[in-house]
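Here are my notes for a colleague who has not looked at this structure before. They cover surface, pockets and backbone, in that order.

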Amino acid sequence: MIHYFSQTGNTQLLGDFLKDHIKDSKTIYVGFWTDKGNANQEALDYLKTLHHQKIFLFGTAGFGKSEEYFERIINKVKENIDSTNEVVGYFMCQGKMPETVLQRYFALKESGKAPRNIDLLIENYYEALNHPNKEDLENLKKEVLKIKDNC
């Protein structure tokens, strides 16, 4: 069973990829987009309904250069999962952001009220345009295969 919540199509791309590669699994795959360092609210609400399940989490985030950041997101998501469930694996990757994000960054920069790291934020925006990509999908597949061997 695969459930995902996607705002810009990034998580949908991962979810559709899983639908093409997962058959007859007892694991529930739950996908989300990142909102303020956690899964989006719809995904969190869905996760709270699950009990006594094996869950594989997958998600996308606009910022993606740090595995530590991805782990912090996953740990925040896990806080919303009932203890009767077992998280058997997870996958996170960077995802492209809407152009309104870039426009906001440029407006901040022009206003003189931009954070010191504004140029890094702009650079990250452009990097994110390339994700999820084929490498991300292959990495997702590898993570899924790890748990399929253990189920």
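1. A nonpolar patch here is built from residues with over 30% relative accessible area and no salt bridge, their nonpolar side chains being joined within 5 Å. Please keep in mind that this is a predicted model. One such patch, of about 270 Å², is formed by Phe106, Tyr126 and Leu129. Leu129 sits in the loop between α5 (118-128) and α6 (134-148). With a relative accessible area of 37%, Leu129 is partly exposed, so it passes the 30% cut-off for patch residues.

2. Rolling a probe the size of a water molecule over the atoms shows where empty space is left. The largest pocket holds about 460 Å³ of space. It is lined by 23 residues, and Gln7, Trp33, Thr34, Gly62 and Met97 are the closest to its centre. Two or more lining residues come from each of α1 (10-21), β2 (28-35), β4 (54-61) and α4 (99-111). The largest share, four residues, belongs to α4. Sorted by class, this lining contains eight nonpolar, 11 polar and four charged residues.

3. The second largest pocket has a volume of about 290 Å³. Its lining consists of 13 residues, with Glu67, Phe70, Phe91, Met92 and Asn139 nearest the centre. The elements that supply two or more of the lining residues are α3 (67-78), β5 (86-94) and α6. Here β5 gives the largest share, five residues. By class, the lining of the second largest pocket splits into five nonpolar, four polar and four charged residues.

4. Next, the backbone. Most residues other than glycine have a negative phi, and most peptide bonds are trans. Which two residues does a cis peptide bond join? They are His131 and Pro132, and omega is about -10 degrees. Pro132 is placed in the loop between α5 and α6, the loop in which Leu129 is also found.

5. Lys36 is not a glycine, yet its phi is positive, at about 55 degrees. This residue belongs to the loop between β2 and β3 (38-39). Is Lys36 buried or exposed? Lys36 counts as exposed because its relative accessibility is 80%, and the cut-off for that class is over 50%.

6. His52 is another residue other than glycine with a positive phi, near 55 degrees. The position of His52 is in the loop between α2 (41-48) and β4. His52 has a relative accessible area of 63% and is therefore exposed.

Notes. Residues are numbered from 1 along each chain as its sequence is written. This is a predicted model: local features need pLDDT of at least 70, side-chain atom pairs count only at pLDDT 80 or more; totals for chains, interfaces and linings use all residues. Side-chain values use heavy atoms; hydrogens and water are left out. Patches are made of residues with over 30% relative accessible area and no salt bridge: like charges are joined within 9 Å, nonpolar side chains (Val, Leu, Ile, Met, Phe, Trp, Tyr) within 5 Å. Accessible areas come from the Shrake-Rupley method with a 1.4 Å probe; for residues, only the protein chains shown count as cover. A salt bridge is a side-chain nitrogen of Lys or Arg within 4 Å of a carboxyl oxygen of Asp or Glu. Buried means under 20% relative accessible area, exposed over 50%, partly exposed in between (1.4 Å probe, protein chains only). On a 1 Å grid over the protein atoms alone, a cavity is a set of points where a 1.4 Å probe fits but cannot get out, and a pocket is an open set with protein on both sides within 12 Å along at least five of seven lines; lining residues have an atom within 4 Å of a point. Grid points are joined across faces, edges and corners, and a volume is the space filled by probe spheres set on the points. Ala, Val, Leu, Ile, Met, Phe, Trp, Tyr, Cys and Pro count as nonpolar, Asp, Glu, Lys and Arg as charged, and the others, Gly among them, as polar.
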